[in-house]
Amino acid sequence: MARPLTSQGKEVMIGSKGVIKRDEFVRVITKTLYTLGYEKSGAVLEEESGITLHSQSVNLFRKQVLDGNWDNAVVTLNTLGLDENTVKSAAFLLLEQKFFELLRNDNRMGAIRTLQSEISPLGINRKIVHEMSSCIISSSRVLVLSKLGIECSNSRFKLLEELQKVLPPTVMVPEKRLENLVEQALTVQREACYLHNSIDGLSLYIDHHCGKDQIPSRALQVHESGELLPKHVLTGHEKPVMMVAWSPDDCQLLTCGMEEAIRRWDVESGKCIHVYEKPSLGLMSCGWFPDGKQILCGLTDQSLSLWDLDGKQADCWKGQRTSKTSDFAVAKDGKLIITINSDCTILLFNRDTKQERLIEEDRTITSFSLSEDGDFLLVNLITEKIHLWNIRNDPIRVKQYTGHKRSRFVIRSCFGGSEQTFIASGSEDSKVYIWHRASGDVIETLSGHSGAVNCVSWNPTNPHMLASASDDHTIRIWGLKKATTKHRDHGSSSNGTHVNGSANGNGFVQQCNGSRSK
């Protein structure tokens, strides 16, 4: 019999605010100890505290369930002081298990009696009762085993878990209750952390808080023009190269000449593997599908074409679908294709349903970036504004970001940071701007470049690393003032080139202002 020690306090409520019931707190801890396999520790806590995890009746009930003593378990259930509906729901679970175990043991007559005289009179779950009747007729052993699992003992433990969902928590403490409480507390702290950008998981030892020291703000590396040696010089285009796209596995490149052809290259050898052309039409944009097995291109007749790697056209969508300054994005599932199809309009095209949705802006669109989850689109305008659109259903503009400078060049922005909490953008005043995505506040401006910053890219696996490219012929890698080399492992390789801060596998690289290669 559990007995409280004389040294134990008798306070009903504990904690600094007196809102935690002592007996519930102890029972939840005891339950956790048993769940983690610390049987002796759980028993000692019950003994020392004088607070039992379960009453004697509940312990008896649990034992009867695990032993398969169904009739006595139903009798004990009715002594627990529960309301009628709860008793019926729990009894149904018990008798359902009894029914299937009888079938498993080839006791069809016993199963029929249980169904007719015990389960049906409960008057609940008629659909399940009908399915159980079908099991008697078909006597499908596969169906029975799929219901019970391989071992009866395992299925009985699962039954206890199901019973815990039906019975009041005062009778049986829910599984993993302490873990759920801790996770809720950590989630609240995470959501309350305005500048959350931590790589390490949240600690139980201290309250979570991120400061500005978790935002990239110091130039760790500066790569100048001519400093890096080329691995390969890819030749073959007769006109300026307007777009480059990494394959999802980083092993191949697509390059697109201005209204010319698309070439596919092997990164390791530098050899051209395939040339994609269409008679009498020029190709002006290109990109990979997420599976790396097909490529998408925009043509001068404003149509879109989908090609297999061997050059066979898999699909084509005609009409005004692209513009000559088209950006591309493809959702991870390969179903949604996003492209600029006029100065002020972005087309959201579903390949499966052929549904077309439009994002319509009042001013000219210069570029866009798709979020990692595929639900949001960041749209840069010719004015000094960046709009955030929710595209999960009908497109809705949800936020606007201002402060950066743009008058002549195409300036690109990106999502970034932990859970893409931030927005970064280049600017013609030689700075990089970082906004808080939800509030729209500028939280950091990074100085160091001496020319317009055209492109920014936030490392998809390290939220503490940001890259920026400028007309001063340098690329800057930004990190924390106190550098760290930790990063999240997403289980995939990366060549370090990641455009627009999204991990959607498109790998699109647009040329910077004034640059030209062939």
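The structure holds 12 salt bridges, a salt bridge being a side-chain nitrogen of Lys or Arg within 4 Å of a carboxyl oxygen of Asp or Glu. The model is predicted: local features need pLDDT of at least 70, side-chain atom pairs count only at pLDDT 80 or more, and totals for chains, interfaces and linings use all residues. Residues are numbered from 1 along each chain as its sequence is written, and side-chain values use heavy atoms, with hydrogens and water left out.

## Salt bridges

| Pair | N to O distance |
|---|---|
| K31 and E175 | 3.0 Å |
| D67 and K63 | 2.8 Å |
| D315 and K354 | 4.0 Å |

The side chains of K31 and E175 meet in a salt bridge. K31 lies in helix α1 (residues 22–35) and E175 in the loop between α9 (152–166) and α10 (177–192), so the pair ties together parts that are 144 residues apart in sequence. Helices (H or I, at least four residues) and strands (E, at least two) are DSSP runs, numbered from the N terminus. K31 is buried, at 5% relative accessible area, and E175 is partly exposed, at 29%. Here buried means under 20% relative accessible area, exposed over 50%, and partly exposed in between (1.4 Å probe, protein chains only).

D67 and K63 sit in helix α3 (residues 56–67), 4 residues apart, which means a separation of about one helical turn. D67 is partly exposed, with a relative accessible area of 46%, while K63 is exposed, at 51%.

The salt bridge of D315 and K354 links distant parts of the chain, 39 residues apart: D315 belongs to strand β11 (residues 313–317), and K354 to the loop between β14 (345–350) and β15 (356–360). D315 is partly exposed, at 24% relative accessible area, and K354 is also partly exposed, at 44%.

A network of salt bridges links D71, K98 and E118.

## Helix α7

Helix α7 spans residues 126–138, 13 residues in total. From its first C-alpha to its last, α7 reaches 19 Å, close to the 18 Å expected at 1.5 Å a residue; the expected span is 1.5 Å times one less than the number of residues. Which residues of α7 are buried? They are V129, M132, C135 and I136. Seen down the axis of α7, these buried residues fall within an arc of 105 degrees, so they line one face of the helix. The arc is taken from the directions from the helix axis to the C-beta atoms. An α-helix has 3.6 residues a turn, so residues three or four places apart point the same way. On the other side of α7, R126, K127, H130 and I137 are exposed.

## W389 and the chain as a whole

W389 is in strand β18 (residues 385–390) and is buried, with a relative accessible area of 9%. Leaving aside neighbours within four places in sequence, W389 is in contact with I359, E360, E361, D375, F376, L377, V379, P395, I396 and R397, where contact means heavy atoms within 4.5 Å. W389 and I359 are 30 residues apart in sequence, and their C-alpha atoms are 8.3 Å apart in space.

Across the chain, residues 24 or more positions apart account for 49% of the contacts with a separation of 6 or more. The chain has 10 helices and 27 strands, and 46% of its 518 residues count as buried. Its accessible surface comes to about 26,800 Å², of which 51% belongs to carbon and sulfur atoms; areas come from the Shrake-Rupley method with a 1.4 Å probe, and for residues only the protein chains shown count as cover.

## Positive phi values

Most residues other than glycine have a negative phi. E419 is not a glycine, yet has a positive phi of about 55 degrees. E419 lies in the loop between β20 (413–416) and β21 (422–425) and is exposed, with a relative accessible area of 59%. S430, another residue other than glycine, has a positive phi near 75 degrees. S430 is in the loop between β21 and β22 (432–436) and is buried, at 15% relative accessible area.
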